[in-house]
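Grab a viewer and work through these exercises one at a time. Each has a task, followed by a solution in steps.

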Amino acid sequence: MDYKRILTIQDISCVGQCSLTVALPILSACGHETCVLPSAVLSTHTAGFSGFTFRDLTDDMPAIQAHWQKEGIAFDAIYTGYLGSTKQVGFVKSILDTMGKETAVKIVDPAFADNGKLYPIFDNAYVEAMKTLCPSADILIPNITEACFLSGMEYKEVYDENYIKELLAALSKLGCKTIVLTGVGYRSEKTGVVVYENGKIEYYEHKRIAKGCHGTGDVYASAFTGALLKGKTIFEAAKIAADYTVLCIEKTQDDPKHWYGVKFETALPYLIEIA
Ligand code: PXL
């Protein structure tokens with residue numbers, strides 16, 4: 001398996017175990033060269049901390065992209081997460097459309113909402129902008145909340161397979177080719193991931209840990225990207241990322257002081273072995 005160069009675009013939350021501080025080590029552990037484009041710098045993530053600082057790096061992006069183009073730099077994969085502004089989404093779309101090698105895989109984690117609600121800095125204009133990224137992505141990795149905001153469908157906590165099928169069909173109308181929908185559970189104590197590829201639906205059900213943890217969406221998307229670029233199929237990568245994320249939560253759940261993220265570092269040996 002050759003050595004892959006991945007660009008990931010998301011924020012630096014200086015403290016909080018999410019976004020780049022999670023993506024970089026996970027992608028490195030999978031054996032990939034990782035390049036970063038920070039979307040914003042925050043003192044902490046925005047879930048559970050108050051008074052966080054926020055520096056939007058939108059205006060730095062065009063010059064960074066222009067320099068890379070001048071240097072002839074191109075990527076085997078581009079993976080985007082939490083972005084800094086609505087305006088930035090346009091720059092990120094241009095990067096997705098032009099900075100990949102011919103065979104590049106483009107992976108978009110919408111990373112703007114969970115549990116039925118938008119994250120604090122985002123609004124409907126941001127959701128509208130994110131819709132424009134869908135046709136540029138080969139693989140979209142939303143949770144159910146993000147899928148509902150993007151598709152306009154009603155958010156439900158309890159649902160059946162038909163609801164999920166409708167959600168996937170509505171999302172695919174936005175131009176999403178392949179969708180990895182996370183946090184899909186049809187019975188208590190279970191959750192899982194649905195992979196939608198060319199109209200085909202596959203489901204991987206796994207244990208649901210009652211304790212919800214911050215940053216697990218980023219852990220999931222990073223492990224998925226790492227495993228996929230190692231040559232796993234989309235469904236295999238979706239399963240590996242799910243098992244790794246569960247392990248990260250298991251290694252964190254008994255420590256009440258560790259409420260802001262997961263101890264993903266302690267589970268890296270598993271990912272290195274399996275991916
Ligand atoms: O994990 C998603 C995420 C990433 N970055 C920042 C966040 C969050 C979720 O709240 O606040 C800054």
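**Exercise 1: a helix and its surroundings**

Helix α8 (residues 234–250) has 17 residues and spans 24 Å from its first C-alpha to its last, close to the 24 Å expected at 1.5 Å a residue. That expected span is 1.5 Å times one less than the number of residues. Before going on, note that this is a predicted model, where local features need pLDDT of at least 70, side-chain atom pairs count only at pLDDT 80 or more, and totals for chains, interfaces and linings use all residues. Residues are numbered from 1 along each chain as its sequence is written, and side-chain values use heavy atoms, with hydrogens and water left out.

Task: work out how many residues of α8 are buried.

Step 1. Buried means under 20% relative accessible area, exposed means over 50%, and partly exposed is in between (1.4 Å probe, protein chains only).

Step 2. Go through the helix: the buried residues include Ile 234, Phe 235, Tyr 244 and Ile 249.

Step 3. The count is 12 of the 17, so α8 is largely enclosed by the rest of the structure.

**Exercise 2: the cores**

Step 1. A nonpolar core is a set of buried Ala, Val, Leu, Ile, Met, Phe, Trp, Tyr and Cys residues joined through side-chain atoms within 4.5 Å. In soluble globular proteins, nonpolar side chains tend to be buried together.

Step 2. The largest core has 46 residues, and Leu 7, Met 130 and Leu 181 are among those with the most contacts inside it.

Step 3. A second, separate core of 41 residues includes Ile 6, Val 180, Ala 221 and Phe 235.

**Exercise 3: salt bridges**

Task: say which parts of the chain the Asp 59 and Lys 87 pair ties together.

Step 1. A salt bridge is a side-chain nitrogen of Lys or Arg within 4 Å of a carboxyl oxygen of Asp or Glu. A search of the whole structure turns up nine.

Step 2. Asp 59 pairs with Lys 87, with the closest N and O atoms 3.0 Å apart. Asp 59 sits in the loop between β3 (54–56) and α2 (61–71) and Lys 87 in helix α3 (residues 86–98), so the pair ties together parts that are 28 residues apart in sequence.

Step 3. Check exposure: Asp 59 is exposed at 59%, and Lys 87 is exposed at 52%.

Step 4. Now try Lys 131 and Glu 128, whose closest N and O atoms are 2.9 Å apart. These two are three residues apart in helix α4 (residues 124–133), separated by about one helical turn.

**Exercise 4: around the ligand**

Step 1. A side-chain N or O atom of Ser 19 lies 3.1 Å from a nitrogen atom of the ligand. Asp 11 has a polar side-chain atom 2.8 Å from a ligand nitrogen, while Asp 218 has a side-chain N or O atom 2.7 Å from a ligand oxygen.

Methods:
Helix = DSSP H or I, 4+ residues; strand = E, 2+ residues; numbered from the N terminus. Polar contact = N/O pair within 3.5 Å; in protein donor to acceptor, adjacent residues only side chain to side chain.
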